[in-house]
Structures are given as structure tokens and as C-alpha cells.
Amino acid sequence: MTDRTITTPAELSDGVRAFAATLGDGGAQFVPVQPAENAVEDQPFYNVIVSGDGATPVFGWLIWELTGFWLEAQRHAVLDRDGLVDITPPIDEETQILFVPDSEWAFDYLNPKPLRKPARHLLTDDADVVKWAKLADDVDAFKFRHTKFNGDKSELVIPEGKDTRRMERLQRDYNAAARVALAK
């Protein structure tokens, strides 16, 4: 089994550039991570608004790579302090992130809505990885449909019955596809 990690892409490869071109303003850049003293892990929108240092929030996309398999993006926010800086504490001890600004989008603090990420951008055409990514998209969509959002809190609520059985089947199929792809 090959060791795979979800991390910031190591370089601006052709695949990364192609994916970034579909997001926001299209230009990806590496941004240093300098966590603010009272910043909260995984809460970039609130961190930039309460930073209190007068820097300008910049909204956009954070790009992650499942090494060798696919890229995915999630909404994110950084600060512009005469250059971009990510003040949100990293989950995996990242020292830099790959960020694509999106000047057409801003987080609505008064009416926070759940955010969906775009589909994955595959880095391979291997049939097993394609199947795994499709199942990952299906699991994400199912969870999104069954999540109740209340401000900055969310709860996955799956009613008993066919939805529970569907989630179990999706998760089982996803796990099986992951094992096959990761064994390569």
C-alpha cells in the first residue's frame, strides 16, 4: 500500500494550475501560515473578521491534494497585510497553503450559509481512482443534504430507514474503492 497524504500541493504543477483556473480569480499562490494568537482552528471567516489588526480579509479557495490522486478546494479566508497571510491555525501543521483569491465572493457574516466545495479535480485517469472520486462526491453530497446548519454549528442527521441504509451502502462502497485505489 502506498502512503498517501492530504496536504498542500508541493508545487504549481500543470494539474494544479488547471484546477486553480476554474476557481475564483484563477491564480493560485502559496501563502504563509502565521496563526493569530486567538484564532480558532477551521474557522477562517471568523478569524479574519475578529483579527482586529486592520488588515483586509481576502476570500477565496484553499486547495488541497490527495497526493497523486486528486485536488479539491474549500472556501477559505486570509488577510492582506501588504501581502497575503493565513492566520487560521493549520490542522496538519502546514507552514503554507495554496490559495486562490475570489473577488466575486465574500462570506456573509450576517447570514452564514453552508458552503459546498466543487467537484474534485483528478490527477489521474485510473479507473479505480475515478470510481473512488465519484463515490467521494456521492458521500459528500449525501452528507450535505442531511446536515442541519445552525449558524456556525452543523449536525449530520440521517433519519432511520432507507436513508440510513443508503449512507451505510455509500460508505461501504467508498471504503472498498479507497482500498483498491490505495493498494496501487
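**Charged residues at the surface and in pairs**

Glutamate 93 counts as exposed because its relative accessibility is 70%; buried means under 20% relative accessible area, exposed over 50%, and partly exposed in between, with a 1.4 Å probe and protein chains only. The model is predicted, so local features need pLDDT of at least 70 and side-chain atom pairs count only at pLDDT 80 or more, while totals for chains, interfaces and linings use all residues. Residues are numbered from 1 along each chain as its sequence is written, and side-chain values use heavy atoms, with hydrogens and water left out.

Glutamate 93 sits in the loop between strand S5 (84-85) and strand S6 (96-101); helices (H or I, at least four residues) and strands (E, at least two) are DSSP runs, numbered from the N terminus. Its phi is positive, near 60°, although the residue is not a glycine. Most residues other than glycine have a negative phi. Aspartate 42 also has a positive phi, of about 65°. This aspartate 42 lies in the loop between strand S2 (29-32) and helix H2 (44-49) and, at 45% relative accessibility, is partly exposed.

Both residues belong to a patch of negative charge on the surface, formed by Glu41, Asp42, Asp92 and Glu93. A patch is made of residues with over 30% relative accessible area and no salt bridge, like charges being joined within 9 Å; Asp and Glu count as negative. Aspartate 92 is found in the loop between S5 and S6.

Side chains of opposite charge can pair when their charged atoms come close. The whole structure holds 7 salt bridges, each a side-chain nitrogen of Lys or Arg within 4 Å of a carboxyl oxygen of Asp or Glu. One of them joins arginine 75 and aspartate 102, at 2.8 Å from N to O. Arginine 75 lies in strand S4 (residues 70-80) and aspartate 102 in the loop between S6 and strand S7 (121-122), so the pair ties together parts 27 residues apart in sequence. Both arginine 75 and aspartate 102 are buried.

Another salt bridge joins arginine 120 and aspartate 140, again at 2.8 Å from N to O. Here arginine 120 lies in the loop between S6 and S7 and aspartate 140 in helix H3 (residues 127-145), 20 residues apart. Arginine 120 is buried at 14% relative accessibility, whereas aspartate 140 is partly exposed at 27%. Glu72, Arg120, Asp137 and Asp140 are linked in a network of salt bridges.

Notes. Patches are made of residues with over 30% relative accessible area and no salt bridge: like charges are joined within 9 Å, nonpolar side chains (Val, Leu, Ile, Met, Phe, Trp, Tyr) within 5 Å. Accessible areas come from the Shrake-Rupley method with a 1.4 Å probe; for residues, only the protein chains shown count as cover. The place of a charge is taken as NZ of Lys, CZ of Arg, CG of Asp or CD of Glu.
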